[in-house]
Amino acid sequence: MALKKIWIKPKASKHATGGHPWIFSGAIEREEGTITAVDTVAVYVGERCVGSGLYSPESQIRVRMFSREAVEFNSTHLRATLTFARNRRRELIGRHSNCYRLLNSEGDFTPGLVVDVYGQVAVMQLTTASMDARRDMVVRELQALGFTTIVERSDASARKAEGLEGVTQLICGTLPDPLIVMENGIQYHVDPLQGQKTGFFLDQRDNRALVRSLAKGKEVLNCFSYTGGFTLNALAGEASLVKSVEISSPALHTLGENIRLNKFDGSHHVMVREDVFEFLRAEESAYDIVVLDPPPFVKRADKVQQALAGYKEINLMGMKHVNRGGYLLTFSCSGHIDMAGFEEVIRWAAIDSGRQVRVLQRLGAGFDHPRNICHREGEYLKGFLLQIV
């Protein structure tokens with residue numbers, strides 16, 4: 001099938017020819033005929049085709065490129081992409097884990113499509129009109145890959161910019177109750193329909209393992225603990241004490257279930273249901289390891305300065321609660337704040353804390369969350385392992 005064509009303005013072609021996947025509406029010089037969300041478009045600069053992309057009629061990001069060749073995003077293309085992605089994940093995931101991200105949108109050249117795997121359950125998230133129009137195709141190809149239970153969690157705020165409503169549904173199969181998955185030998189209860197994101201924060205796998213490696217004999221404070229990913233790893237690493245602070249009662253209930261599921265000694269764990277900011281302002285104790293993994297503080301570009309102030313405050317308080325020589329693991333999952341901006345905030349927090357702070361390691365998402373090197377916006381999870389002296 002011949003692809004519809006669009007032409008980019010010469011002055012706006014640098015990003016597309018350089019590999020950036022997003023083409024904004026203002027960069028388009030002209031379009032061939034009527035193009036809808038079901039169409040794959042070939043992108044041209046003058047007489048030269050620079051690749052192909054998916055079209056979103058209502059979005060300012062009008063085209064999201066997925067290939068540097070003129071190819072149709074059809075069942076054959078998606079099947080090959082899924083098979084390649086699954087094989088690469090299986091090479092790296094190991095036999096002690098059965099949950100991972102199978103497709104990571106632009107990072108896997110499937111813009112607008114995320115697929116997370118929880119054992120035999122696939123959870124898909126469609127964030128663009130072009131991928132929403134391909135829902136049935138995505139379901140068929142996931143079924144062909146062997147998934148009999150498929151959940152849709154297309155409830156991200158990004159859908160509003162595409163003119164789409166949120167969708168949460170069980171598409172096919174039976175969802176186990178409870179659904180229990182394993183990551184690095186630790187078991188977790190996961191709720192794909194009601195839990196955060198698609199049910200679990202799969203992007204923190206490597207960072208949870210890092211806490212496990214550091215925890216032996218240490219007192220650990222896990223802020224914004226959710227259902228206890230960092231908490232369980234600290235307990236598995238034989239921490240002497242772990243304190244989990246979380247404002248959500250259901251999340252703390254699941255955390256308690258996870259501790260019992262893994263048969264950890266509950267006497268080494270304390271749960272605190274409280275706002276983390278309020279807790280840290282009142283807390284008098286210091287810890288050997290403090291983990292700050294808050295939800296995104298900003299979802300709109302015009303709120304960045306407010307979010308930066310929040311990140312500075314939380315990191316300043318976090319540093320003050322770390323014992324001399326201890327560690328602070330701090331994260332931001334706000335897409336509007338890049339790594340450099342996050343580091344600058346931490347630098348100012350360190351200055352105001354009066355402590356000496358060393359960066360031991362930059363942290364991010366695991367291998368199953370790849371990022372297109374030309375797409376900085378895809379690096380949403382940013383973090384640091386700091387030593388506080």
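The structure holds 21 salt bridges, each a side-chain nitrogen of Lys or Arg within 4 Å of a carboxyl oxygen of Asp or Glu. This is a predicted model, in which local features need pLDDT of at least 70 and side-chain atom pairs count only at pLDDT 80 or more, while totals for chains, interfaces and linings use all residues. Residues are numbered from 1 along each chain as its sequence is written, and side-chain values use heavy atoms, with hydrogens and water left out.

**A salt bridge to look up**
- E152 forms a salt bridge with R135, and their closest N and O atoms are 2.8 Å apart.
- This pair links distant parts of the chain, 17 residues apart: E152 sits in strand β10 (residues 149-154) and R135 in helix α4 (residues 135-144).
- Helices (H or I, at least four residues) and strands (E, at least two) are DSSP runs, numbered from the N terminus.

**Helix α4 and its neighbour α2**
- The axes of helix α2 (residues 75-93) and α4 come within 10 Å and cross at roughly 45 degrees; axes are lines fitted to C-alpha atoms, for helices over the stretch in contact, and angles run from 0 to 180 degrees between N-to-C directions.
- That makes α2 oblique to α4, since angles under 35 degrees count as roughly parallel, over 145 as roughly antiparallel, 65 to 115 as roughly perpendicular and the rest as oblique.
- S75, L78, R79 and L82 in α2 meet M137, V138, R140, E141 and L142 in α4, where contact means heavy atoms within 4.5 Å.

**The seven-stranded sheet**
- Seven strands form an open, mixed sheet in the order β16-β15-β14-β17-β18-β20-β19; two strands pair if DSSP finds at least two bridges between them.
- At the edges are β16 (269-273) and β19 (357-364), each pairing on one side only.
- Neighbouring strands of this sheet are turned by 15 degrees against each other on average, direction ignored.
- Strands β17 (residues 287-292) and β18 (residues 322-332) pair in the parallel sense over five bridges, and V290 stands opposite L328 in β18.

**Helices on the sheet**
- Helix α7 (residues 249-261) lies across β15 (241-246) and β16, and runs at about 170 degrees to β16.
- α9 packs on the sheet, where it touches β17, β18, β19 and β20 (382-388), and its direction makes about 155 degrees with that of β18.
- Helix α9 (residues 304-320) also packs with helix α10 (residues 339-353), at an angle of about 45 degrees and with axes 8 Å apart.
- That makes α9 oblique to α10.
- Residues making this contact include L308, Y311 and L316 of α9 and F342, V345 and W348 of α10.
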